[in-house]
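Biologist: I've just opened this model. Please walk me through it, piece by piece.

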Amino acid sequence: MGRAYQNRKESMAKTAGAKTKVYSKYGKAIYVCAKNGGTDPNGNVVLRGLIDRAKKDQVPTHVIEKAIDKASGAGGEDYSEARYEGFGPGNCMVIIDCLTDNGNRTIKDVRQCFTKTHSKIGSSGTVSHMFNHQAVFAFKGDDDEAVLENLMMADIDVTDVELEDGIITVYAPHTEFYKIKTEFANSMPEFDLEVEEITWVPQTYTEITDETDKANFEKFIAMLDDCDDVQEVYHNAEVKA
């Protein structure tokens with residue numbers, strides 16, 4: 001797929017050995033979303049989208065239902081969102097989204113990932129202004145012009161439509177996510193959406209060619225993936241072989 005798609009983020013690991021961690025992260029995110037916006041997916045479009053993503057990542061139904069049931073009860077964990085920004089190995093730009101019930105623990109864990117890989121954590125806004133907060137859809141196809149025309153006819157604001165290697169990628173403001181999702185379901189049901197998410201897309205990319213920087217980047221991502229509170233990692237790194 002296109003470079004922007006490949007580099008949009010480092011998503012949660014999906015190897016067999018990491019399934020428990022993936023389930024835990026989705027369970028936490030679904031719990032927070034349901035507790036804040038309501039447990040009915042029909043009335044909470046953000047929750048509905050999160051459930052769809054969880055199912056695509058093969059999260060068992062009982063994990064999803066347990067998180068929603070938990071959110072419908074009184075009390076429970078008090079999670080809050082936390083976002084950290086900075087410069088990773090090779091001076092690439094990084095955004096890290098977390099859900100935490102202990103902010104002191106989370107910042108300590110995240111800071112350690114930066115420190116141990118010779119990276120630099122910054123303050124809020126350090127790099128996020130160099131990313132676009134966008135809705136991204138990707139699917140197999142060969143007629144990107146027809147897709148763009150359909151979306152424009154539906155009065156949807158589209159940032160860009162790319163066709164590369166048989167994959168069409170649609171970029172749009174994040175506020176258009178559910179309008180686009182609905183339009184695909186209604187007028188373009190022949191497309192199987194392989195990616196449908198709201199994400200941070202970098203405006204520019206940083207090539208990492210130095211072997212030490214490559215090793216540190218891999219270590220950096222692995223350490224972040226090991227942090228229980230980290231939900232998503234977005235970066236603009238292009239690691240050259």
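Modeller: Start with helix 2 and helix 4 (residues 61–72): their axes come within 8 Å and cross at roughly 35°. Helices (H or I, at least four residues) and strands (E, at least two) are DSSP runs, numbered from the N terminus. Axes are lines fitted to C-alpha atoms, for helices over the stretch in contact, and angles run from 0 to 180 degrees between N-to-C directions. This is a predicted model: local features need pLDDT of at least 70, side-chain atom pairs need pLDDT 80 or more, and totals for chains, interfaces and linings use all residues. Numbering starts from 1 along each chain as its sequence is written, and side-chain values use heavy atoms, with hydrogens and water left out.

Biologist: Is the crossing of helix 2 and helix 4 left-handed or right-handed?

Modeller: Helix 2 passes helix 4 in a right-handed crossing. Left-handed means the near helix is turned anticlockwise from the far one by less than a right angle; right-handed means clockwise.

Biologist: Which residues make that contact?

Modeller: Helix 2 gives Tyr23, Gly27, Ile30, Tyr31, Ala34 and Lys35. Helix 4 gives Val63, Ile64, Ala67, Ile68, Lys70 and Ala71. Contact means heavy atoms within 4.5 Å. By class, there are 9 nonpolar, 1 polar and 2 charged residues. Ala, Val, Leu, Ile, Met, Phe, Trp, Tyr, Cys and Pro count as nonpolar, Asp, Glu, Lys and Arg as charged, and the others, Gly among them, as polar.

Biologist: Next, helix 3. How do the axes of helix 2 and helix 3 cross?

Modeller: Helix 2 (residues 19–37) and helix 3 (residues 45–56) have axes that come within 9 Å and cross at roughly 165°. The two helices are therefore roughly antiparallel to each other. The cut-offs: under 35 degrees is roughly parallel, over 145 roughly antiparallel, 65 to 115 roughly perpendicular, and the rest oblique. Helix 2 passes helix 3 in a left-handed crossing.

Biologist: And who touches whom? Which residues are they?

Modeller: Tyr26, Ala29, Ile30, Cys33 and Ala34 of helix 2 meet Val46, Leu47, Leu50, Arg53 and Ala54 of helix 3. That contact has 9 nonpolar, no polar and 1 charged residues.

Biologist: How many bridges join strand 1 and strand 2?

Modeller: Strand 1 (residues 80–87) and strand 2 (residues 93–100) pair in the antiparallel sense over 8 bridges. Gly86 has Val94 of strand 2 as its bridge partner.

Biologist: What about the sheet with strand 5? What is its order?

Modeller: The order is 5-6-4-7, in an open sheet of 4 strands with antiparallel pairing. Strand 5 (160–164) and strand 7 (195–202) are the edges, pairing on one side only. The twist here averages 30° from one strand to the next.

Biologist: Which strands does helix 6 touch?

Modeller: Helix 6 (residues 144–153) packs on the sheet and touches strand 4 (131–140), strand 5 and strand 6. Helix 7 (residues 177–187) also packs on the sheet, touching strand 4, strand 6 and strand 7.

Biologist: Last one: where is the positive phi in the hairpin of strand 5 and strand 6?

Modeller: At Asp165, where phi is near 55°. That hairpin has 2 residues between the strands.

Methods:
Two strands pair if DSSP finds at least two bridges between them.
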